[in-house]
Amino acid sequence: MKFTATLIALCAASANGFSINKPAVKTTTVLNAVATEWDLADIGRSVRIEGSSREHWEFPDPNQEIVQVGVDSNGRPVETLIELWIGPDWTPMKVKAYTEDGMMRPIQTLIGTRNKAAAIDVNNTGPGDFPLNAAAAYAKPSMVQQRADLLTANAGRYIEGGAVHSVNFDASVEQVQVCLYTDTRQLNAQVELLNGPNNFKQKFEVFTNNGLLNSLYVVFNSPGAGNVVRVTNLAPLEFPCKAFIASV
Ligand SMILES: *[C@@H]1O[C@H](CO)[C@@H](O)[C@H](O)[C@H]1NC(C)=O
């Protein structure tokens, strides 16, 4: 309880620090607005990254905290490693992300900078002939709010180290959001989108030394029927995490 309150307070505090870069006026429906907010062109300048190479973005403002990262492709698989750097030697958060189809189900995540001058590297760890496109920029307030709302929408669910938790979604759900955090202990977990038994379409694996300062927040596109979100806490038993999973 206290722990949730702390996180919400953190989210609220960081939201106050955001500067608004452009007016968030959209004339589309709610569902389209959500999808549009993840379009790379809407996030910022997008960069093409060839296989086995990386791109680097600087986030120098300690008054801002949340960075929106989007990665897509022309429909080919994407394999990437997203790293948060604070200073030249420290990567307190690493996210490995995979999608079978980077057009239908792009990689959509928010990464916290811990209110420090930070950098984010996106490495295309896939083969040389599978380029990807990536964009990263401080998140707009509406996006930060969407994450904060998820944490108050339901009670969440504790997942002990080693345990698995799955949630099914019906065909009417177009996007699913997932947030995982801890009470400051390490967070080492995997989140998959499956379509049919053991047929995984997309997968994130996070490691951070402090799962309160760096929660994992991802948004899956979930076209079609039979979608399941499966969270596996990869950490040892004494490192529980809390999961919030809901349609957008
Ligand atoms: C990331 O990209 C660089 C090339 O810029 C490469 O040398 C490195 O091995 C890549 N992989 C990882 C896991 O960092």
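E11 and E14 run antiparallel and are joined by six bridges, and two strands are said to pair if DSSP finds at least two bridges between them. This is a predicted model, in which local features need pLDDT of at least 70 and side-chain atom pairs count only at pLDDT 80 or more, while totals for chains, interfaces and linings use all residues. Residues are numbered from 1 along each chain as its sequence is written, and side-chain values use heavy atoms, with hydrogens and water left out.

Stay on E11 and turn to strand E16, to which E11 is likewise joined by six bridges in an antiparallel run; there Tyr181 stands opposite Lys242. Now colour E11 by accessibility: seven of its seven residues are buried, so the strand is largely enclosed by the rest of the structure. Buried here means under 20% relative accessible area, exposed means over 50%, and partly exposed lies in between (1.4 Å probe, protein chains only). On one side of E11 the buried residues are Gln175, Gln177, Cys179 and Tyr181, and on the other they are Val176, Val178 and Leu180. In a regular strand the side chains alternate between the two faces of the sheet.

Next, show the whole sheet to which E11 belongs, an open sheet of eight strands with antiparallel pairing in the order E1-E8-E3-E6-E14-E11-E16-E9. At its edges stand strand E1 (47-49) and strand E9 (157-159), each with a single partner strand, so one side of each is left without a neighbour in the sheet. The twist of this sheet averages 25 degrees from one strand to the next. Select helix H4 (residues 141-153), which packs on the sheet and touches strand E3 (66-72), strand E6 (107-112), strand E11 (175-181), strand E14 (216-221) and E16; contact means heavy atoms within 4.5 Å. The direction of H4 makes about 70 degrees with that of E11, where axes are lines fitted to C-alpha atoms, for helices over the stretch in contact, and angles run from 0 to 180 degrees between N-to-C directions.

Move on to the other open sheet, whose eight strands follow the order E2-E7-E4-E5-E13-E12-E15-E10, again with antiparallel pairing. Its edge strands are E2 (53-59) and E10 (164-169), each of which pairs on one side only. Within this sheet, pick Glu83, whose bridge partner in E5 is Lys94.

Then display the ligand, which is surrounded by Ser52, Ser53, Arg54, Leu81 and Asn123, each having a heavy atom within 4 Å of it. A polar side-chain atom of Asn123 lies 2.6 Å from an oxygen atom of the ligand, and one of Arg54 lies 3.3 Å from an oxygen atom of the ligand.

Finish at Pro127, in the loop between strand E7 (118-124) and strand E8 (132-138). Pro127 is partly exposed, with a relative accessible area of 40%, and Glu50, 77 residues apart from it in sequence, is 8.4 Å away, C-alpha to C-alpha.

Definitions and conventions
Helix = DSSP H or I, 4+ residues; strand = E, 2+ residues; numbered from the N terminus. Polar contact = N/O pair within 3.5 Å; in protein donor to acceptor, adjacent residues only side chain to side chain.
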